[in-house]
Amino acid sequence: MYENMVTARHYEERLQEEYLEGKQPAFDISAGPIPGELHLAAGHEAAGAGVCQHLRDSDTVTAPHRPHHVAIAKGVDLKRMTAEIFGRRTGLGSGKGGHMHLFDPDVNFACSGIIAEGCPPAVGAGMAATRRNTDDVAVAFLGEGAIDQGAFLESLNLASVRDLPVVFVIEDNDWAISMPKERVTDVENGAKRADGFDLPGTRVDSDDAVAVYEAAREAVGHARDRNGPALLEVQVHRRMGHFMGDPQEYRSERDQEAAMQRDSIERLATDLRGRGVDDEELTTIRDRAHDRVEEAIAWAKDQPEPDPADAHMDAFVNPPSGVTDTEPSIADTGGEE
């Protein structure tokens, strides 16, 4: 778990550096080696590592628009994920999806930029596992700002009605984009959402990876033993803005400083020292994680960019063979197909 968390933190710090290249002093979202938006989850690492430690490749995980820490903990190919973020042809989605639309079928991982969108697919994966008579589970990660979305509530209902092996993991970082949690939802403890659907709900009040691991063991075990769905909320913190370039004018300096003081990685390192792991071994783990990140970024930047001619490839429907710009329009044919 410690290595996954260190990898995720260094990965996002390096992505931040790469992303901001060429975008300043006047912020230009289209400039630089990583175009488009970038949402980083520094401060969320304990949730991804603690939960995914109980999962295997055949289990399904869906993540929201801050997916990297979960993807790393689930075992997504780091090089191909990085190539996707840099928009390269060898990326997980051939460079067309970017960082919010990662998909790795080898470990059954996917994410989306649509709020709570991962909940219905996770329910579908749980239903598929049940129909196949396997003990696989599905886990849907979402933020606390998503717990009032219809997709989340309907997913809780269907999973409960069908007793599906799904675990819903809420990452509570106190901010729904630029809105504090108390202005967005009516419950302080998001795990209470489970009460309305007759399923177990648990909250971990601190981003302590060991505490998350223990709570996730119960939730995942509950689902894997075919006892139905479970809900887990983890208190995390957001060390960066909602997106890169976010000035965070809505957030006080005191709140930002408090978030920086709460470091789940240092907390786990202290715990490991108490369990007999020496600093030399922790340094070895950190060095190995940093080397892996640097290798993935260097590899991704060296990959080819997509061919514009492939723009229609991998779409749901490709243009029919022979269609050209000279084909008559409906208007030219009097409205007839």
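Mentor: Start with burial: a residue counts as buried under 20% relative accessible area, as exposed over 50%, and as partly exposed in between. Keep in mind that this model is predicted.

Trainee: What makes α4 mostly covered?
Mentor: Of its 8 residues, 6 are buried. These are L78, M81, T82, A83, E84 and I85.

Trainee: Which helices do the buried residues of α4 pack against?
Mentor: They pack against α1 (2–20), α3 (68–74) and α10.

Trainee: Take α4 and α10. How do you describe two packed helices?
Mentor: By the angle between their axes and the distance between the axes. For α4 (residues 78–85) and α10 (residues 279–301), the axes come within 8 Å and cross at roughly 50 degrees.

Trainee: Now α2 and α7. What makes α2 oblique to α7?
Mentor: The axes of α2 (residues 45–52) and α7 (residues 209–224) come within 8 Å and cross at roughly 40 degrees. Roughly parallel would need an angle under 35 degrees, so α2 counts as oblique to α7. α2 passes α7 in a right-handed crossing.

Trainee: What makes the contact of α2 with α7, by class?
Mentor: It has 7 nonpolar, 1 polar and no charged residues. On the α2 side are A46, A47, G50 and V51, and on the α7 side A209, V212, Y213 and A216.

Trainee: Next, the rings. How many aromatic pairs are there?
Mentor: The count comes to 3 aromatic pairs. One of them is Y19 with F27.

Trainee: How do you know that Y19 and F27 pair, and what is the geometry?
Mentor: The limit for a pair is 6.5 Å between centres. Y19 and F27 are 6.3 Å apart, centre to centre, with 40 degrees between the planes. Stacked needs under 30 degrees and edge-to-face over 60, so this pair is tilted.

Trainee: Are Y19 and F27 buried or exposed, or in between?
Mentor: Y19 has 0% relative accessibility, so Y19 is buried. F27 has 37%, so F27 is partly exposed.

Trainee: Why is the pair of W175 and Y250 called tilted?
Mentor: The planes stand at 55 degrees, with centres 5.4 Å apart, so the pair is tilted. The pair links distant parts of the chain, 75 residues apart: W175 is in strand β6 (residues 175–176), and Y250 is in the loop between β9 (230–235) and α8 (253–261). W175, at 12%, is buried, while Y250, at 28%, is partly exposed.

Trainee: Why is D263 called buried?
Mentor: Its relative accessible area is 19%, and the cut-off is under 20%. D263 is therefore buried. D263 sits in the loop between α8 and α9 (264–274). Leaving aside neighbours within four places in sequence, D263 contacts R9, H237 and R239.

Trainee: And what makes G143 partly exposed?
Mentor: G143, in strand β4 (residues 138–143), has 25% relative accessibility, so G143 counts as partly exposed.

Conventions. Residues are numbered from 1 along each chain as its sequence is written. This is a predicted model: local features need pLDDT of at least 70, side-chain atom pairs count only at pLDDT 80 or more; totals for chains, interfaces and linings use all residues. Side-chain values use heavy atoms; hydrogens and water are left out. Axes are lines fitted to C-alpha atoms, for helices over the stretch in contact, and angles run from 0 to 180 degrees between N-to-C directions. Helices (H or I, at least four residues) and strands (E, at least two) are DSSP runs, numbered from the N terminus. Rings of Phe, Tyr and Trp (its six-membered ring) pair if their centres lie within 6.5 Å; planes under 30 degrees apart count as stacked, over 60 as edge-to-face and the rest as tilted. Buried means under 20% relative accessible area, exposed over 50%, partly exposed in between (1.4 Å probe, protein chains only). Contact means heavy atoms within 4.5 Å. Angles under 35 degrees count as roughly parallel, over 145 as roughly antiparallel, 65 to 115 as roughly perpendicular and the rest as oblique. A crossing is left-handed if the near helix is turned anticlockwise from the far one by less than a right angle, and right-handed if clockwise. Ala, Val, Leu, Ile, Met, Phe, Trp, Tyr, Cys and Pro count as nonpolar, Asp, Glu, Lys and Arg as charged, and the others, Gly among them, as polar.
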